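Take a moment to look over the chains and their helices.

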Amino acid sequence: MKSKVKNPGKQFIVLALFLLSIGLIAGVLSGLIYIVPEFLKESLGFISLRPLHVSSVMFWIIIGATGCVYSGMWYLARKPVIKVLSKIQMAMWLIALIGIYGSYLTGNFGGREYWEFNPVWALPIALSWVVFLVGFISMAKSIKRWPVYVWMWLTGIIFFLFIFSENYLWIFPYFRENFVTDMTIQWKVNGSLVGSLNQLLYGTSFFLMDRISKNENAKIGFSKLAFGMYFLGLTNLMFNWGHHIYNLPTDNYIRYVAYIVSMTEWIFFVKIIYNWKKQLTEFKTYYSFFPYRFLMATEFWVFVNMGQAILMSIPVLNLYTHGTHVTVAHSMGTTIGINSMILLAAGFMFLIPKTEQTNKPARILSIAYWSLQISLVLLFVSLDIAGFKKGQWQLDPNQSSFGTMMETLRPWFILLVISGIGIMSSFTVFIVYLLKKVLKNGK
Amino acid sequence: MKSIKISVPAIFFIALCLLFLVFSFSIYLKPYSISTFQKNEFELAGKGRLVWQKYNCQACHQLYGLGGYLGPDLTNEFRKLNKNEDALRAFFKGGMKQMPQFNLSKEEEIQLIEFLKSTDATGNADPRKYKILSNGMTEQYEK
């Protein structure tokens, strides 16, 4: 049942699209530094461009996911969404973003990887999340029986808040002065934070699937299998992160727990293969409907990335790929191929009024869709090949210098930049299209 | 008195959360086992970690293979430079290729060097120094 209040999620999705634009530009500029070392060295340099790229893309996902949860709850909740709380949350994000970008542009760092800004700006983010949790619970209370995606959203919000706070334990000397524990916590945070965002995004994906599918039997909101998958995902969120630190001399039980839990991902993998034929039929039915087309792209990239992630979680294979661009390929594959595809599906669903949603999309959108997929395949391949070559170098008994090894990767870095430009151009088509729709239809 | 009915997903959720908290606290409590002598030794290295973050060294460099990909892993850089602190200072000041020149204060230099000494002391990040166990796990065999 719809509430009479306007969807507060839209403002978050629009803000997220702006941040994606910044992330894409900074990403291409950072890539150029790999092939032109002196590029922007005296101004921004890689030191500022990398965090600008990484944080902007992270915020595209975090703020975009926030918008998706609000939009979903706007459809589900029986009472009006807490309008004031969403405005407070947005104000806190804006304060944080001004501080963070100011921090990067002036070189005022001090934070950890992915969160390199001055830690003071983490405070408004944490507070905004508390507001989000309060707002979400007040909305969810009115839903009598929760579908799996409401569970996933609640999980994502609670765990993001917990893990984001854990992300700043390093400010206490007790943690910071013990290097191995500190690194263990840092990568516990990085791994679990991705898991909590996945809960928000996969929850959104389930919600969208339920809304798109006209087949009542295919709805997954209350299926036992969906709940089973949710708990498996939650277990992985909590205990799977240790595969990042197989090489770190931390306690064995942490490494073995991660090794065992990560192998449960085979269940997801087998399920995708099992469902493949059925989904192919659905794909043909809904191909022209853009939100569904993005969700199908997500399925493909989940398959590719999960396959690679499972292999990387086997310690003996991890030894070859750890610290190489194979890891970057995995993170690019998931942020672009999975997270961004779900967010674009949501953008097309929530930002475009139902009366304007069509099964005959403009040709430019179809071209952008396929150029995005092809560019991502090229990016993925270039990073994987660069990673394998670095992996070989790492284990070579007659290792050459680091600089010599990097020179041999140059052709793959050129392909990386070209495919990056392709990705940026394709995304720009979707960003402009969605923002034009928002402007045309007012807030 | 009204009884509270908890759904099956809620029970599973709470049970998993409790397990997660136990697991997390088992990690948080690790520094307790460190002796006071070591704690004093690590204080300077902890400050060096802040210098590492202040100059965003992690954008390009790795520690145990974790961090940026533009520059080399620095976990054992102190050892690789034959424990020569002046060589480290020269890198900070001179820069190279994409690496800019950093104007670290004397105090920051000492702290950062202490941090790199402490990472080196924890073990060997070179993948060639790991052995493969029969169950597929890997283990550092040479510190």
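Start with Leu85(A), which sits in helix α3 of chain A, a helix that covers residues 83-105. Keep in mind that this is a predicted model. Is Leu85(A) buried or exposed? Count the other C-beta atoms within 10 Å: there are 20. A residue needs 20 or more to be called buried, so Leu85(A) is buried.

What does Leu85(A) touch, once neighbours within four places in sequence are left aside? The contacts are Val131(A), Val134(A) and Gly135(A). Phe136(A) and Leu85(A) are 51 residues apart along the chain, and 9.7 Å separates their C-alpha atoms.

Now look at the whole of helix α3(A) beside helix α2(A). Their axes are 11 Å apart, and the angle between them is about 175°. Angles over 145 degrees count as roughly antiparallel, so α2(A) and α3(A) are roughly antiparallel to each other. Which residues meet here? From α2(A) come Ser48(A), Pro51(A), Leu52(A), Ser55(A), Ile63(A) and Tyr70(A). From α3(A) come Ser86(A), Trp93(A), Ile100(A), Tyr104(A) and Leu105(A). In this contact of α2(A) with α3(A), eight residues are nonpolar, three are polar and none is charged.

Ile63(A) leads on to the core. Apart from residues up to four places away in sequence, Ile63(A) touches Phe12(A), Leu15(A), Ala16(A), Leu19(A) and Trp93(A). The largest nonpolar core holds 149 residues. Ile63(A) is among those with the most contacts inside this core, along with Ala16(A), Trp153(A), Ala345(A) and Ala346(A). Which helix gives the core its largest share? Helix α2 of chain A, residues 45-76, does, with 19 residues. In soluble globular proteins, nonpolar side chains tend to be buried together.

Helix α7(A) spans residues 179-212, and helix α11(A) spans residues 290-312. They pack at about 135°, with axes 11 Å apart. That angle makes α7(A) oblique to α11(A). The crossing of α7(A) past α11(A) is left-handed. On the α7(A) side, the contact is made by Ser205(A), Leu208(A), Met209(A) and Ile212(A). On the α11(A) side, it is made by Pro291(A), Tyr292(A), Leu295(A) and Thr298(A). Six residues of this contact of α7(A) with α11(A) are nonpolar, two are polar and none is charged.

Finally, turn to where the two chains meet. How many residues are in contact? Chain B brings 48 residues, and chain A brings 53. Several elements of chain B each supply at least two residues to its side, including α1 (8-28), α5 (106-122) and β3 (130-132). Helix α2(B) gives the most, with eight residues. The side of chain B that touches chain A has 24 nonpolar, 16 polar and eight charged residues.

Lys54(B) lies in helix α2 of chain B. This residue has 19 C-beta neighbours inside 10 Å, so Lys54(B) counts as partly exposed. Which residues does Lys54(B) touch, not counting those up to four places away in sequence? They are Phe109(A) and Gly110(A). Ser118(B) is 64 residues from Lys54(B) in sequence, and their C-alpha atoms are 18 Å apart in space.

Notes
Residues are numbered from 1 along each chain as its sequence is written. Chains are lettered from A and ligands numbered from 1 in the order in which they are written. This is a predicted model: local features need pLDDT of at least 70, side-chain atom pairs count only at pLDDT 80 or more; totals for chains, interfaces and linings use all residues. Axes are lines fitted to C-alpha atoms, for helices over the stretch in contact, and angles run from 0 to 180 degrees between N-to-C directions. Helices (H or I, at least four residues) and strands (E, at least two) are DSSP runs, numbered from the N terminus. Angles under 35 degrees count as roughly parallel, over 145 as roughly antiparallel, 65 to 115 as roughly perpendicular and the rest as oblique. A crossing is left-handed if the near helix is turned anticlockwise from the far one by less than a right angle, and right-handed if clockwise. Two residues are in contact if their C-beta atoms, placed from the backbone, lie within 7 Å. Ala, Val, Leu, Ile, Met, Phe, Trp, Tyr, Cys and Pro count as nonpolar, Asp, Glu, Lys and Arg as charged, and the others, Gly among them, as polar. A nonpolar core is a set of buried Ala, Val, Leu, Ile, Met, Phe, Trp, Tyr and Cys residues joined through C-beta atoms within 7 Å. A residue is buried if 20 or more other C-beta atoms lie within 10 Å of its own, exposed if 12 or fewer, and partly exposed in between; C-beta atoms are placed from the backbone.
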